[in-house]
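The points begin with the chain as a whole and then turn to individual positions.

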Amino acid sequence: MERKRILITGAAGFLGSHLCDRFVQEGFHVIGMDNLLTGSLRNIEHLFPLENFEFYFHDVTKFVHVPGKLDYILHFASPASPIDYLQKPIQTLKVGSLGTHNLLGLAKEKKARILVASTSEVYGDPEVHPQPEEYWGHVNPVGPRGVYDEAKRFMESITMAYHNFHGVETRIVRIFNTYGPRMRLNDGRALPAFMTQALTGQDLTVFGDGSQTRSFCYVSDLVEGIYRLLFSDYHLPMNIGNPDEISLLDFAKEILELTGSKQKIVFKPLPTDDPKQRRPDITKARTILGWEPKVSRREGLRLTLEYFKKHIDELTSSHNT
């Protein structure tokens, strides 16, 4: 049996690396691609000795060529945390637009099925709760988060255009907050920030009054949802996330309890356009894919904390150098 070949962009990132693991385990020939703007080779170095894994150091906003046949493409290249896209706004816009265009062209040429990684951020600061896929969102295109939100909205739009006009087989996943091992400790999102602060003896920073909510999905659950979506017949956007919603203040308290930290919680002003609530409606994923999250937040946080404890010294030593 000849192996199916899959290209995964953003392969050295948090989600991309876990997807590489999954498709390698499933017997695919995996071609990882990353320009290491926010990814790290450490996330995938364990795959380098394998015969069914290869890596291309490449920026997908430039023409993408992969020799040989290609059956599937997963487009996961993009800065994904507010710190990243505020520091790299142009690259964020380019990877969502030019990068997606290049990969859709490759999918068309190779007759490959492509799944693109969209985000719950397409809903902006939502006026509908929880958020179903039919909701069009409430986004400020010229606000600080617009570079990410609109890049992903454009990504969805051009993906549907390639599906409808060129007949390319496309899938669109809208990813809600995900966490787990290989998250960057300093990526600025709530979970890494709280864990890093608790482990390094800093007070936990909560923005606003902490009443804003998030829904956290463990990475293995997310990967399973993406895997099922890729092999489904569903081409419209689909939410994949955990509908178990928690306020950020309660979440900070959970992290303090989990780490046994005696630090305080301090409050800072809410950033511009910060979404007040986030919770996926996963009715479609349940009915079409038979998917729902399995890992409880308590268990997922325990596994993530182990990873953070292992790597926290590197973060503190890099700050001191």
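Predicted model: local features only at pLDDT ≥ 70, side-chain atom pairs only at ≥ 80, totals over all residues.

1. Among contacts in the chain (heavy atoms within 4.5 Å) between residues at least 6 apart in sequence, 81% join residues at least 24 apart.

2. Residues are numbered from 1 along each chain as its sequence is written, and side-chain values use heavy atoms, with hydrogens and water left out.

3. The chain holds nine helices and 13 strands; these are DSSP runs numbered from the N terminus, helices being H or I of at least four residues and strands E of at least two. With a radius of gyration of 19 Å, close to the 20 Å that the globule rule gives for 321 residues, the chain is therefore as compact as a globular protein of that length. The radius is taken over C-alpha atoms, and the rule is 2.2 Å times the number of residues to the power 0.38. Along its principal axes, the C-alpha trace spans about 55 × 45 × 40 Å.

4. An unreviewed UniProt entry places the feature "domain: NAD(P)-binding" at residues 7-302. UniProt positions follow the numbering used here, feature names are shortened, and annotations may be inferred rather than shown by experiment. Over residues 7-302 the chain is 36% helix and 18% strand, with the end C-alpha atoms 31 Å apart.

5. Of the 321 residues, 55% count as buried, that is, under 20% relative accessible area (1.4 Å probe, protein chains only). The accessible surface of the chain comes to about 14,200 Å², of which 54% belongs to carbon and sulfur atoms; areas come from the Shrake-Rupley method with a 1.4 Å probe, and for residues only the protein chains shown count as cover.

6. Ser 118 lies in strand 5 (residues 113-119) and is buried, with a relative accessible area of 3%. Leaving aside neighbours within four places in sequence, Ser 118 has contacts that include Lys 152, Met 155 and Glu 156, as well as Ile 172 and Val 173.

7. Tyr 162 belongs to helix 4 (residues 146-166) and is also buried, at a relative accessible area of 12%. Beyond neighbours within four places in sequence, Tyr 162 is in contact with His 101, Leu 104, Gly 105, Lys 108, Gly 167 and Val 168. The C-alpha atoms of Tyr 162 and Val 64, 98 residues apart along the chain, are separated by 17 Å.

How values were computed:
Buried < 20%, exposed > 50% of the residue type's maximum accessible area, 1.4 Å probe, protein only.
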